[in-house]
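Student: I would like to learn how to read a structure like this one. Where should I start?

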Amino acid sequence: MDITEVWTSLPGIVAAGATVIAAGATVSAAFVARNMLKLERFREKNRILFLKHESEIEHLQKLIASFAKVAALDSTLPGSWQNQEIDRAIDDMQFHLSVLKALDTNISGDIAQWITARTPDGETVAQIVYYQIGQLYASGHERRINFFKYKMEDLKMIQDKMYSEMIRE
């Protein structure tokens, strides 16, 4: 093979090399595009989960705060202002309970259980908060203090469970 043959076949060799490089670049671009799409889907899923968890956290914290407010108001001396404040706190509590159940997350079942579960003394949230405190019965205040402590611990466990589940996702 002489130099003229090499020289005349050089454009074909260069063209073939360029074609191979272009094909490799196309495959690489397709691979990168596919991975970018997967990454975007992953980010969108995480964004939705974040918004859902953010709302869940907010309503759980507000539930805890309104439950604590009911407990605090129950321990104060009765007055005309107390009836309105207790009613407002109970309404807030019911609202946040409804939202948490509607979010249909991992803790919505725990929240439903928290409402209906009985304390060791056989009391429930509906019985104590909605009926006794909402009706402002004065008897049994010491038992209600224990009830609030017990139910607040349950809420803290639900909150801890929610945070640990968020970390695992």
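Student: What share of the 169 residues of the protein chain counts as buried?

Tutor: Buried means under 20% relative accessible area, exposed over 50%, and partly exposed in between (1.4 Å probe, protein chains only). Of the 169 residues here, 28% count as buried. This is a predicted model: local features need pLDDT of at least 70, side-chain atom pairs count only at pLDDT 80 or more, and totals for chains, interfaces and linings use all residues. Residues are numbered from 1 along each chain as its sequence is written, and side-chain values use heavy atoms, with hydrogens and water left out.

Student: How many helices and strands does the protein chain have?

Tutor: Helices (H or I, at least four residues) and strands (E, at least two) are DSSP runs, numbered from the N terminus. This chain has 5 helices and 0 strands.

Student: Which residues have the most contacts inside the largest nonpolar core?

Tutor: A nonpolar core is a set of buried Ala, Val, Leu, Ile, Met, Phe, Trp, Tyr and Cys residues joined through side-chain atoms within 4.5 Å. The largest one has 27 residues, and L60, F67, I111, W114 and V129 have the most contacts inside it. Helix α1 gives the largest share of this core, 8 residues.

Student: What does W114 touch beyond its neighbours within four places in sequence?

Tutor: Contact means heavy atoms within 4.5 Å. The partners of W114 include F67, M93, L97 and V125.

Student: Is M36 buried or exposed?

Tutor: M36 lies in helix α1, residues 3-75. M36 counts as exposed because its relative accessibility is 51%.
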